[in-house]
Amino acid sequence: MPTQDELVQLYRQMFLIRRFEEEAARAYAQGKIGGFLHLYIGQEAVAVGVSAVMRPEDYFVTTYRDHGVALARGMTSRACMAELYGKESGCSKGMGGSMHMFDREHNLLGGHGIVGGHIALAAGAAWASKYRGDGRVTLCFFGDGATNIGGFHEGVSLAALWRLPVVFVCENNEYSMGTPAERTLPQRDVSKKAEAYDIPGLRFRGQDVTDVMEQLREPIERARRGEGPTMVEVMTYRYRGHSMSDPGKYRTAEEVEERKTRDPVRIGRGHALAAGVSEEALAAVDAAVEAEVEDAVRFADESAQPDEALLHTLTLAPNGDADSPPPAGSYPAEKRSPLSADAAPTEVHHA
Ligand SMILES: Cc1ncc(C[n+]2csc(CCOP(=O)(O)OP(=O)(O)O)c2C)c(N)n1
Ligand SMILES: [Mg+2]
């Protein structure tokens, strides 16, 4: 069991994610946040529990349901909220938005919108670690629906074959958008898909953050020892719709209420109380979280819009820059199209 202080920290992180997203939802309804917004509310114990047993130098790769992972990983509430607002002070200068949280400092390699596509990227990051011998583990989150996608099979297959240091964590929240798992998964037990790649599979309910920590320790260590990946299926539930535009009419109020009886934030609070932390101490944590979220919203609101020029300089690679020549073997500079905003347009011929 974690120490008293650790339990308070775990509770704090989960409550922060909960309150952060409730306020993000409010800002979305006010039209201050555009695009998509997929809330993680209900699943907080997974990101927080996994982060607690990973090292700072490890890589994280996740889906569009990524605010919780970003905050659990250590991104500031300010940088995260400002990114949602599309402001220049956001983690990706407002160019990524909700689905593309990216944080180099905390080794969060996104935030990805293409279902399952990032699973192959995670295998790539783990391959880089193996090649460099840097001892890092890559943690890859994805949903139950993603396990039907080609990228899932390609990524897991290569990771297993090459014994890459990666842990696959499927957050099974019972739905893919509005479709229940029984209508998408011929094999409802996702952990059994591990057998197809001859790697260990693991399945457990992930509403208690201490369970998530306990269960993840060995898969992470196994990856670090160079013994290859594990397929971890964590049973969880999202309380809100798939995204803000989804009223969630495909499930009953009774079902949602039943799942809420195992609320991760309340369970986390209960652990802290049982370990002897006082109600007053937790009330102080709550107040600090409220103040942090309020500050993040104000900061995002007051931050400047990004300069339009950033659209070019941040999304397109410079071409033919003499100070940073392309790596040997790359496509020759004279054949590449003009990519930088200020490069003179030239005609490009494709063979
Ligand atoms: C390749 C691809 N196909 C379809 C979509 C549209 N889409 C976005 S989320 C989603 C459901 C994914 O469900 P799941 O993997 O269970 O993740 P969850 O949203 O439940 O966390 C779909 C079909 C997409 N983004 N990418
Ligand atoms: Mg799902």
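In which sense does H2 pass H7, right-handed or left-handed? H2 crosses H7 in the right-handed sense, where right-handed means that the near helix is turned clockwise from the far one by less than a right angle, and left-handed that it is turned anticlockwise.

This is a predicted model, in which local features need pLDDT of at least 70 and side-chain atom pairs count only at pLDDT 80 or more, while totals for chains, interfaces and linings use all residues. Residues are numbered from 1 along each chain as its sequence is written, and chains are lettered from A and ligands numbered from 1 in the order in which they are written.

**View 1. Helices H2 and H7.** The axes of H2 (residues 44-52) and H7 come within 8 Å and cross at roughly 45 degrees. H2 is therefore oblique to H7 (under 35 degrees counts as roughly parallel, over 145 as roughly antiparallel, 65 to 115 as roughly perpendicular and the rest as oblique). Axes are lines fitted to C-alpha atoms, for helices over the stretch in contact, and angles run from 0 to 180 degrees between N-to-C directions. Helices (H or I, at least four residues) and strands (E, at least two) are DSSP runs, numbered from the N terminus.

**View 2. Helices H5 and H6.** H5 (residues 117-132) packs on H6 (residues 150-161) with the axes 6 Å apart and an angle of about 20 degrees. The two helices, H5 and H6, are therefore roughly parallel. H5 passes H6 in a left-handed crossing.

**View 3. The open sheet.** The order S1-S2-S3-S7-S6 describes an open sheet of 5 strands with parallel pairing (two strands pair if DSSP finds at least two bridges between them). S1 (59-61) and S6 are the edge strands, each with a single partner, so one side of each has no neighbour in the sheet. From one strand to the next the twist averages 20 degrees.

**View 4. Strands S6 and S7.** S6 (residues 201-205) pairs with S7 (residues 230-235) in the parallel sense over 5 bridges. Between them the chain runs through helix H7 (residues 209-224), a right-handed β-α-β crossover (with the strands pointing away from the viewer, the path from the first strand over the helix to the second runs clockwise). Leu202 stands opposite Val232 in S7, and Phe204 opposite Val234.

View 5. Val115, Gly143, Gly145, Ala146 and Ser176 come nearest among the 14 residues around ligand 1 (C-beta atom, placed from the backbone, within 6 Å).
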